[in-house]
Amino acid sequence: MSDTPSRPSKQSAPSTPSAPSTSSTPSPPSTPSTPSASSAPSTPSEQSDDGSGPGPAPQDIAPQPPATISYREQHSRATQPQRHHPWPPPPAAPRQPAGPPKWLTDVRPEPPVGIRPATFVAALATALLSALLLGDGLGLNLLVVAVPAALAAYFAAQAAGRRPRPWTLVWAVGGLALLAIPALRDAGWPTFLACISALALGSLALHGNRTWAGVLAGSLGIFGSLGPGTAWAWRGLRERAEASRGRWAPMVRTTLVAVVLLIVFGALFASADAAFADLLGGLSPDVSVADGPWRTFLFAVGLLGALAAARTAAAPMRWDRLKIRPGRARGRAEWALPLVVLNLLFAAFIAVQLAVLFGGYDKVLSERLSYAEYARQGFWQLLWATLLILLVIALALRFAPRGGGRDRALVRSVLGTLCVLTLVVVASALRRMDLYVDAYGLTRLRISVAAVELWLGLVIVLIMAAGVLGSRWLPRAVAASAAAAVLAFGLISPDGLVAQQNVARHGSTEKLDVHYFQDLSADAVPALDTLPEPQRSCALVGIASRLEDRNEPWYATSLGVVRAREILEDRPLKVDETECRKLGTYGDQRGFYDEY
C-alpha cells in the first residue's frame, strides 16, 4: 500500500474501519470511528492475525466499492415501479363477463318452489278450455277460462307460503268483474278495454306492488314470466316423474278409459234420441279438423298464460324495490314563480268562461263562431290541458323544495290552487262537450273522450286528497280508479247510451242520423226499437243483417245479443228501400243530417 494518503472519492459507500497507517509520521492512537468519505476502503484480509500490523498484500483485482446514490435518486427509484418487458409477452387475461345491472338484481325474485300437481292440473285445464271455448268468440267463455288459471296461481302461491292481502283480493275480484263485460255487452271496444284492464289487474294481484314504479311495472310483469314459467313447470314435472315413476301410468290409463267410455256411449245415446243429441250438441263445442291449428294455438296460449301466472304467484318480481331518486330541490322562488304564473293564466281563462256563460254567448256567436263551432273548438284543447297539468304536477313534486314546514305549506298551497283551477277547466271541457252533443248528437268517440275527461278529473281529486292525507295509497288508488272507470264504461253499455240519446234527440228535434246506427252493436237494439216506422226498420237493418250471419254457441254469446234477437223475433223489420234511401241507409248520401 502507498504511504501517501489516498484521494477522497467523489462517491463512497459505507465501509469497514480502516487499517492502521504504515507511515513513519507518528499518529495518535486510532479510535473507532464511523466510515467517512476520506477513509480508504479495506477488507478484513488486510488485517494481521493479531491486529497489530498490516496484513497480507491486497489481491491484484480488488472488489469495487458500491456507488453512493443520492437521496433524490433513491426516492425516485422507490416511488417509480420498475418495468419489465418479458418476451414473448404473457397472454392477456380473459375479460370477465359483466354482471346484470343492480336494479335487476334488486327486483329479481327468490328461486320458486317446485310446481305441485294441483297447479299443473289447473294449468292444463286452462289450456283445454282455451282450445275448446275461445275459438268461437268471446263471451262467458272468457270468465270460464279465467277460473282455473286463477286456481293455478292460488295453488302456486299457497305452496310458496304467500297469503292473500286486502289489495290482492281487490285486484282479483276487479279482474274477474271486468271479464264479465264480454258476457254482458256485444260491443267490441268496451270488451277490448275490459280484457286489457283485467289482465293488468291480474298481474297486480300476483305481484302485490304499492309504489308508482311497482304499479306501472307490475301491471305488465306477467309477460316476463312466460318463458320462466314454462321452464319452471318442465323442471318440476321431470323431478316428480323421476321420484314417482310408478304412479303416473295408472293415472294415465284411468283417464284414457274414461274418455273412451264417454265418447262411445255419448255417441250411442245421441244417435238414439234427437233431444239428447240437441242437448249434447248445445253443451259441447263444435270442433272440426280444419280448426286444428287454431285450436292448438289457443291451447298453447292458455297453457303458457296459466303457467306464467302460477310462476309469478310463486316467486313474483319485487318491483317495489326500484328506487326513483327525487330531483334536486329548488329554491322557493325558483320553484313557485312558474306555477304562480300558470295559476294566474288558469284564473284568467276561467274568468272569461264565466263571463261567456253568464250572457256572453250571443256576442261570441254573432261576431266570430257558430254555436256548434264554439262548442267543438275548445274541448280537445281543454282535454290536452288537463293531461299536461298532470305532467306539470308530477314534475313540480319531483323538484319541490323540501326544507321544512314552510316549504310543505308552500307546495300544498300552490299545487292545491292549481288542482282546483284544473277541476274548473275539466268542468268547462265537459260543458263544451254537452253543447257539442246538443248540436250534433252523441257518438262513440264523444262519449269515450268525455269518459276520459271525467276520469282525469277524478285523478285530480285523488291528488288533492293525497296532499292532505299522505300519498302512500295514491298509486294503487289511481290504478283502482282506472279499472273502476273501465268497468263502469262497459256496464252502462256505451252503444246503447248513444242510441238512447239520439232517439231522445229525435223526439225533440226530429233529426236522426240513421246511417250512423248501422255500425253500432246489438246493445243499441233496445233503444232503436222505440223509433217509429220507417226509422226503426231503417236504423236496425244493418244490425239485424249481422246478427243473422252470426252463429255463436251459448258460451260465446253475450246477453246483449240474446236480447236483440228476442226483440227482432217479436217485431220483425219492415224495410222499405225507398224510404231508407231517403234517410241515408242506402246509397252514397248520408241523408238530410250531416254534422260536417
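The chain contains 24 helices and zero strands. The model is a predicted one. Of its 596 residues, 34% count as buried, and the chain exposes about 36,600 Å², of which carbon and sulfur atoms supply 64%. Among contacts with a separation of 6 or more, 77% are accounted for by residues 24 or more positions apart.

One disulfide is present in the structure. The bond is formed by Cys 538 and Cys 580, whose sulfur atoms are 1.9 Å apart. Cys 538 lies in helix H22 and Cys 580 in helix H24 (residues 577-583), so the pair ties together parts that are 42 residues apart in sequence. The torsion about the S-S bond of Cys 538 and Cys 580 is about -85°, and the disulfide is therefore left-handed. Both Cys 538 and Cys 580 are buried. As for other cysteines, Cys 419 counts as buried because its relative accessibility is 3%, under the 20% limit, whereas Cys 195, at 21%, counts as partly exposed.

Helix H22 (residues 535-549) also includes Ser 537. Ser 537 has a relative accessibility of 0% and therefore counts as buried. A polar atom of the Ser 537 side chain lies 3.0 Å from the backbone nitrogen of Lys 574. When neighbours within four places in sequence are left aside, Ser 537 is in contact with Leu 573, Lys 574 and Val 575.

Key. Residues are numbered from 1 along each chain as its sequence is written. This is a predicted model: local features need pLDDT of at least 70, side-chain atom pairs count only at pLDDT 80 or more; totals for chains, interfaces and linings use all residues. Side-chain values use heavy atoms; hydrogens and water are left out. Helices (H or I, at least four residues) and strands (E, at least two) are DSSP runs, numbered from the N terminus. Buried means under 20% relative accessible area, exposed over 50%, partly exposed in between (1.4 Å probe, protein chains only). A polar contact is a pair of N or O atoms within 3.5 Å; within protein, one must be able to donate a hydrogen and the other to accept it, and residues adjacent in sequence count only if both atoms are side-chain atoms. Contact means heavy atoms within 4.5 Å. Accessible areas come from the Shrake-Rupley method with a 1.4 Å probe; for residues, only the protein chains shown count as cover. A disulfide is a pair of cysteine sulfur atoms within 2.5 Å.
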